[in-house]
Amino acid sequence: MKSDALFLAIGEFGRFQVLTILFLTMLGIIGHSDFLTYTLFYNTPEHTCVIPKQYLDNETRSLISAQNSTVDQAFQYKGKDDDELLDTYCNHYITPYLPLADESEPETVKCSEWEFNKGYPFGKTFVSSFDMLCQYKFRKALGQSLTAIGFLIGAVTFGFLSDRYGRVNTLALAAFLKCICNWMLVAAEGADMLWLFYISYCCVCACSHGLYLVFFVYIIEITGPRMRLFAPALRNLFEVVEEVYCLGLVYVFMDWTHFEMTLGICGLLMLLVLKYCFESPLWLISKGLETQAEYVLLRIAEINKRTVPTEHMRNFIAQALSEEYKSSSVQSNGSSQSASAAQSWTRYLNVYFIKSKVSGKLEDLRIFVKSYPNICIKGILFGINWCVVSAGFYAIFFSVPNLGGDKYFNIFLISVVDYPMYFFCYLFMERFGRKFAYLLSMVAGGMTGLLIMIFRHSDIDGMVTALSLFGAMCFSSCYTIIYIWTSEVFPTPIRNSSMGFW
């Protein structure tokens with residue numbers, strides 16, 4: 001490609017690329033936080049049912065004290081089957097039940113208020129703040145579903161904005177919106193407004209995924225062709241540090257409100273960092289912004305201590321620009337013909353304007369599919385693989401709190417084991433290519449999932465935990481490979497939108 005000559009001249013992976021990745025690593029801190037909030041802050045702390053005061057007169061208290069019992073023991077409903085035992089504090093007796101007094105079991109009513117243990121491992125979670133348990137368990141299920149919905153909205157929305165308005169502008173917008181939404185979450189808890197919590201949490205997840213997606217594409221576009229495999233690998237190594245850092249914040253605060261407020265402050269600091277970042281030169285060239293692209297490329301060459309004559313730089317940009325125009329000429333023809341056909345009607349009736357715009361987009365899509373069938377077929381196949389990888393990755397990662405042992409330590413292990421995985425993943429892709437490395441990781445991850453189902457009820461200590469760690473490594477490897485593979489298939493003008501769509 002003609003654009004590759006630009007990076008051979010200004011430096012494929014010099015000081016500019018390294019410093020940019022280091023400075024923007026803070027984005028991962030506010031971007032990866034939602035994985036931790038899902039796995040930790042949707043947990044149910046130890047709790048007891050609060051017995052209403054009308055059941056606790058002086059006579060009842062004296063009776064309970066005479067039997068050497070406590071209020072909780074006297075009113076707690078134990079349950080008659082395994083399903084009820086899982087929700088021990090969902091009901092309570094209407095009168096104290098003291099088996100030692102040889103009394104018949106009284107009637108029960110649903111518990112309406114709970115007292116949560118604020119000690120280790122959780123001080124305050126979403127469940128304790130909004131009573132997401134017992135008859136209100138649907139609140140927790142809805143909140144967990146909003147995580148995936150937010151990721152979907154963020155990928156599509158910020159992918160489109162990135163291709164339309166630029167990578168750095170979209171990163172700044174996502175970081176700013178996430179700050180606001182983080183603080184809206186805290187405000188929702190203070191005002192006890194569940195609907196505001198749901199909206200804010202969905203927006204937080206959307207901004208987080210948008211940050212990660214746009215940042216990945218930005219790294220690909222500011223590095224040279226021979227380093228576009230190493231740069232994401234280096235970014236993934238920093239990603240492990242970000243996950244451990246976020247886990248440390250959760251461990252220190254043990255309170256989701258303080259954690260979200262801290263992330264909001266990190267987002268504001270991120271805006272200051274983005275002020276000194278340059279726009280993606282490939283995106284500027286794809287939009288025909290030659291002057292801005294020339295300035296950015298010369299500044300990158302200066303930071304990388306490369307000397308490129310201005311005339312040579314303009315020749316490089318002109319060649320790359322002609323290549324971009326050639327690849328997009330087919331699409332522009334389709335929209336211009338449909339727009340001119342309806343131009344006279346759009347002045348009078350808005351419905352015809354809308355119809356012409358839709359017809360133009362459909363015509364663009366038809367011409368694109370007809371002109372580039374190979375990209376369309378690969379896009380469909382990548383979409384199927386994205387669904388499979390996402391299902392496997394999230395199924396294992398979000399089941400971490402259900403594993404035995406300390407939850408913080410389990411998440412720490414899953415984060416740290418990614419270090420050797422990223423190293424071997426980079427070597428495999430460099431030596432054997434994307435396809436072989438992806439197939440090997442996918443098969444290993446699928447077999448691990450089957451083994452987890454077999455051994456999940458066994459008495460072998462640590463077997464399920466070890467399999468989960470290995471499965472997380474395999475699917476993390478699949479994610480790394482398919483991100484790089486997808487970014488290499490689609491052209492610059494639609495790269496971010498395509499990755500966000502899949």
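Residues are numbered from 1 along each chain as its sequence is written, and side-chain values use heavy atoms, with hydrogens and water left out. Because the model is predicted, local features need pLDDT of at least 70 and side-chain atom pairs count only at pLDDT 80 or more, while totals for chains, interfaces and linings use all residues.

Confidence is reported as pLDDT, the predictor's confidence in each residue, from 0 to 100. The chain has a mean pLDDT of 75. A value of 70 or more is reached by 77% of its residues. Helices (H or I, at least four residues) and strands (E, at least two) are DSSP runs, numbered from the N terminus. Among the elements of the chain, α10 has the highest mean pLDDT, at 88. The lowest mean, 53, belongs to α7. Over residues 328-351, pLDDT stays under 50. For this stretch the model has 17 contacts beyond four places in sequence, a contact being heavy atoms within 4.5 Å. Where pLDDT is low, the predicted coordinates should not be read in detail.

Charged pairs were examined next. Side chains of opposite charge can pair when their charged atoms come close. A salt bridge is a side-chain nitrogen of Lys or Arg within 4 Å of a carboxyl oxygen of Asp or Glu. The whole structure contains four salt bridges. One of them joins arginine 167 to aspartate 163, with the closest N and O atoms 2.7 Å apart. Arginine 167 also meets glutamate 221 in a salt bridge, at 2.6 Å from N to O. This second pair links distant parts of the chain. Arginine 167 is in helix α10 (residues 167-191), whereas glutamate 221 is in helix α11 (residues 194-221). The two residues are 54 residues apart.

Exposure was assigned by relative accessible area: buried means under 20%, exposed over 50%, and partly exposed in between (1.4 Å probe, protein chains only). Arginine 167 is buried, at 0% relative accessibility. Glutamate 221 is also buried, at 0%. Aspartate 163 has a relative accessible area of 4%, so it counts as buried.

A further salt bridge pairs glutamate 302 with arginine 299, the closest N and O atoms being 3.0 Å apart. Both residues belong to helix α15 (residues 290-303). They are separated by about one helical turn because they are three residues apart in that helix. Glutamate 302 is exposed, with a relative accessible area of 52%. Arginine 299 is partly exposed, at 26%. Elsewhere, salt bridges that share partners join Asp163, Arg167 and Glu221 into one network.

The structure also holds two disulfides, each a pair of cysteine sulfur atoms within 2.5 Å. One joins cysteine 49 to cysteine 111, with an S to S distance of 2.0 Å. The torsion about its S-S bond is about 110°, so this disulfide is right-handed. The pair links distant parts of the chain, 62 residues apart. Cysteine 49 lies in strand β1 (residues 47-49), and cysteine 111 in the loop between β3 (108-110) and β4 (114-116). Cysteine 49 is buried, at 8%. Cysteine 111 is buried too, at 0%.

The other disulfide joins cysteine 90 to cysteine 134, again with S to S at 2.0 Å. Its torsion of -90° about the S-S bond makes the link left-handed. Cysteine 90 lies in the loop between α7 (82-86) and β2 (91-93), and cysteine 134 in the loop between α8 (126-130) and α9 (137-165), so the pair ties together parts that are 44 residues apart in sequence. Cysteine 90 is buried, at 8%. Cysteine 134 is buried, at 10%. With the bonded cysteines numbered in sequence order, the pairing is 1-3, 2-4.

Cysteine 205 has its closest cysteine sulfur in cysteine 202, at 6.8 Å, which is too far for a bond. Cysteine 205 is buried, at 0%.

A nonpolar core is a set of buried Ala, Val, Leu, Ile, Met, Phe, Trp, Tyr and Cys residues joined through side-chain atoms within 4.5 Å. The largest such core has 74 residues. Phe126, Met132, Phe197 and Tyr201 touch the most other members. Leaving aside neighbours within four places in sequence, phenylalanine 197 contacts Tyr42, Phe126, Phe130, Met132, Leu185 and Ala188. Another core, of 40 residues, lies apart from the largest one. Its members include Leu24, Leu171, Ile219 and Val296.
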